[in-house]
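Work through the exercises below with the sequence and the model at hand. Each task is followed by a solution in steps.

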Amino acid sequence: MESSLCTLQSSLSSSFKSSFVIPKTHSSIQHNKQRKSMSINAAISRTKKEETVETVKQQLENCHLLAGIKYKGLTVKQFQDLRKSLPDNVNLIVAKNTLVGKAIEGTPWEALKPCMKGMNAWMFVHTEEIPGAIKPYRNFQKEKKLEDNDFTGAVFEGKFYGPDEFKSLETMPTRAEIYAKLLGSLQSPASALVGTLQAPARDLVMVLKAYVKKLEEENGGAQ
């Protein structure tokens, strides 16, 4: 009989425990909601960062020059107007330095890292006509009196150009000027051609590229 009583007490005790459930408090429910919300926000933030890195990588394809511009102080309206003033082959993106740094890591564009300070907008130039690509921003900068929003640096052909070196980029010869120089050299005495060949390596490469392109266009037209 004692055994039966013990069994009954144990059964009643288990039944009581299972039926007595401590309800969750409002604070615990709220805490769980906050944790779920933080997890979702972290996932969204991570996805956005990955998308930004991928966008930068896509912009680097067929890119001839990448430049940073001081973004701090520009209003939304000014930034929109700036974008409209740029030619179709020049794109402007606002992205954190760390994300751009991640996108250019291990590439020739990594030389841009010295200018990754403060807030930057990034100009991707998809044309060989570098002076023509930079000029619209210079005009906009002058018109809106944005002297403080200058270039922070740029990379062209793997070389970093600081703000004080932009003059050399802005005065590079255009394709038309290269053609004229090349044709003039070919039609002039040998001394003029020698002078062209003694020009800086970068200018010489551009001249040769222009000449090859001209021959290709002539051969294509003759077919």
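**Exercise 1. The main core**

How many residues does the largest nonpolar core have, and which have the most contacts inside it?

Solution. The model is predicted: local features need pLDDT of at least 70, side-chain atom pairs count only at pLDDT 80 or more, and totals for chains, interfaces and linings use all residues. Residues are numbered from 1 along each chain as its sequence is written, and side-chain values use heavy atoms, with hydrogens and water left out.

Step 1. A nonpolar core is a set of buried Ala, Val, Leu, Ile, Met, Phe, Trp, Tyr and Cys residues joined through side-chain atoms within 4.5 Å. Buried means under 20% relative accessible area, exposed over 50%, and partly exposed in between, for a 1.4 Å probe and protein chains only.

Step 2. The largest such core has 26 residues, and Leu65, Leu92, Met123, Ile130, Phe151 and Leu169 have the most contacts inside it.

Step 3. At least two residues each come from strand 1, helix 3 (76-85), strand 2 (90-94), strand 3 (120-125), helix 5 (130-143), strand 4 (151-156) and helix 6 (166-170). Helices (H or I, at least four residues) and strands (E, at least two) are DSSP runs numbered from the N terminus. Helix 5 gives the most, five residues.

Step 4. Another core of 18 residues lies apart from this one, and Cys63, Ile93, Leu99 and Ile104 are among its members.

**Exercise 2. Aromatic pairs**

How many aromatic pairs does the structure hold?

Solution. Step 1. Rings of Phe, Tyr and Trp (its six-membered ring) pair if their centres lie within 6.5 Å; planes under 30 degrees apart count as stacked, over 60 as edge-to-face and the rest as tilted. The structure holds three such pairs.

Step 1. Tyrosine 71 and phenylalanine 79 are edge-to-face, with 5.4 Å centre to centre and 85 degrees between the planes. Phenylalanine 79 counts as buried because its relative accessible area is 8%.

Step 2. Phenylalanine 151 and phenylalanine 166 are stacked, at 4.4 Å centre to centre and 15 degrees between the planes. This pair links distant parts of the chain, with phenylalanine 151 in strand 4 and phenylalanine 166 in helix 6, 15 residues apart.

Step 3. Tyr137, Phe151 and Phe166 form one aromatic cluster.

**Exercise 3. Helix 4**

How many residues of helix 4 are buried?

Solution. Step 1. Six of the eight residues of helix 4 (97-104) are buried. They are Asn97, Leu99, Val100, Gly101, Ala103 and Ile104.

Step 1. Just after helix 4, glycine 106 takes a positive phi of about 80 degrees.
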